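I keep these notes for a reader who is new to this structure. Each entry records what I looked up and what I found.

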Amino acid sequence: MRNSGILMHISSLPSPYGIGTLGKEARRFVDFLVKAGQSYWQVLPVCPTSYGDSPYQSFSAFAGNPYFIDLEYLIRDKLLTREECDSFTWGKKAAEVDYGVLYENRYPLLRKAFQRFQKRIPGDYEAFLEKQSDWLPDYALFMALKDQNGGIEWSKWDKKLKMREQPAMEAAKKELAEEIAFYEMLQYLFYGQWFALKEYANAKGIRIIGDTPIYVAGDSADVWANPSQFYLDQELIPIDVAGCPPDAFSEDGQLWGNPLFRWDVMKKDGYRWWIKRVERTAQMFDKVRIDHFRGFDSYYAIPYGDETARNGKWMKGPGIELFQRIQEALGDVDIIAEDLGYLTDSVHQLREDSGFPGMKLIQFAFDSREDGDYLPHNYKNHCVVYTGTHDNDTIMGWMKTAPRDSVRFAKEYLRLDKEEGYHWGMMKSVWASVGDLAVVTMQDLLGLGSEARMNTPSTLGCNWKWRMKPGAATGRLAAKIRDQMQLYGRMPKQA
């Protein structure tokens, strides 16, 4: 069945409190999606962000981002007052997240909520803690220890805590009991609001697509609590780290720096950690996009300490066996394989063997450095077609910054009309394609330029900030999108 969706992260929703949340604006966006004839809402990872503010570099693969906890709901539940929320500064620009201000002000406010929460513990709280017991205690202790250590990486903590020696761990749990409880409460609030939003969306016929990065951050509770699952030496220092080799886009390649998985160890325990991770994401989302899917076939390993990715080498990944074990444990999980970038025959074979749909990006179709697989006339039905993702410029930005030959080719191939708007012409090509699912970004629907780009890979400090201005998702825009869904046969059945 032909469907369509819109990509916009939670952080990009309007809000008077500095960043998008899981509150009424999220529900308004769901209503907008319904009016626009959409079936899906795609978001980026919803985990806590760390230095650099990237949702792809998180303190935990299992925790939710406390910034997304809606303050209006906390006011409703008498955990905060409106005066308290309004007493803090949340940034000067409605169309931009100020992460520095959030970091300084959000947690002091949430600690006020914690004091009231402790005096009136909800009846389902203990059941929540029990349900999350396989990851939450480690995460909460990890965050409490980070605070105690001034935010430094866990690899630089006192050796007894770094190595998780039992006496030191027990002493820390007692000393930091209140801090641990604070971080546990934050997850209770996040998950409660998240599943309430998901229930609202699903009841309206909107399914949510989540995003799972293949790697986790080195400075995370995941690595600290499960060091044997990662490629570390006896001092828990990475041996090799993740990245991409040099190519036409970067002569030095990309040095991501994430620790690599010990796939041999994971295989011996039946890929337990990965099964737990996929189970969590499958509970949270209706469909899951797995980032850097090619890394399951073979991955690029760069010696730890190198300043570029030039000296890396390709290593064999777990292949189809991982997904077979996941299916045995969880049944069928609705997965999208992010199969972009440098691909080999074996990567294509892995995706075909998995049965997962891959991705097609219209912007890539007109770049002379890519092959023709991204041109719409080469698509097959079993794929998800995008104008671009969080890592791409907006359509209007791309039209100004791409090589002239690429822009000229796009205009001719797609018959783009400046009067209509180049963005509408390119989005129509996505909706008109044979791909089962078509996804466009909210920035492109609004016709925004490079100022609304979500991320520029290999840069730091200027990303993940874009926010939609209040009132931008109008009924008129929804009606125009809905007309296109009817024209291209992508209206949901219930509509």
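Before the sheets, I note one rule: two strands pair if DSSP finds at least two bridges between them. I also note that this is a predicted model.

**Entry 1, the sheet of four strands.** I looked up an open sheet of four strands and found the order β5-β4-β7-β8, with antiparallel pairing. The edges are β5 (254–259) and β8 (313–316); each has a single partner strand, so one side of each is left without a neighbour in the sheet. I read the angle between neighbouring strands of this sheet as 50 degrees on average, with direction ignored.

**Entry 2, the pairs around β7.** How many bridges join β4 to β7? I found three, and the two strands run antiparallel. A242 stands opposite A301 in β7, and V241 has I302 in β7 as its bridge partner. I then turned to β7 and β8, which pair in the antiparallel sense over four bridges. There Y299 has M315 in β8 as its bridge partner. I also checked how far β7 is covered: five of its six residues are buried, so β7 is largely enclosed by the rest of the structure.

I looked up an open sheet of eight strands and wrote down the order β9-β6-β3-β2-β1-β12-β11-β10, with parallel pairing. Which strands stand at the edges? I found β9 (335–337) and β10 (358–361) there; each has a single partner strand, so one side of each lacks a neighbour in the sheet. From one strand to the next, the twist averages 25 degrees.

Y386 stands opposite V439 in β12. Helix α17 (residues 422–432) packs on the sheet and touches β1 (3–7), β11 and β12. I noted that the direction of α17 makes about 160 degrees with that of β12.

I looked up helix α9 (residues 177–203) and helix α12 (residues 272–284): their axes come within 10 Å and cross at roughly 50 degrees. On the α9 side I listed F190, Y191, W194, F195 and K198, which meet R280, Q283 and M284 in α12. By class, this contact of α9 with α12 has five nonpolar, one polar and two charged residues.

I found Q229 in the loop between α10 (221–225) and β4 (240–244). Is Q229 buried or exposed? Its relative accessibility is 3%, so Q229 counts as buried, the limit being under 20%. The side chains of Q229 and D269 are joined by a polar contact of 3.1 Å. Leaving out residues up to four places away in sequence, I found that Q229 touches L260, F261, R262, V265, M266, D269, R272 and W273.

I located S54 in the loop between β2 (40–42) and α2 (71–76). At 11% relative accessibility, S54 also counts as buried. What does S54 touch, not counting residues up to four places away in sequence? I found T49 and W464.

Definitions and conventions. Residues numbered from 1 in each chain as written. Predicted model: local features only at pLDDT ≥ 70, side-chain atom pairs only at ≥ 80, totals over all residues. Heavy atoms only, no water. Buried < 20%, exposed > 50% of the residue type's maximum accessible area, 1.4 Å probe, protein only. Polar contact = N/O pair within 3.5 Å; in protein donor to acceptor, adjacent residues only side chain to side chain. Contact = heavy atoms within 4.5 Å. Axes fitted to C-alpha atoms, helices over the stretch in contact; angles between N-to-C directions. Nonpolar A, V, L, I, M, F, W, Y, C, P; charged D, E, K, R; others polar.
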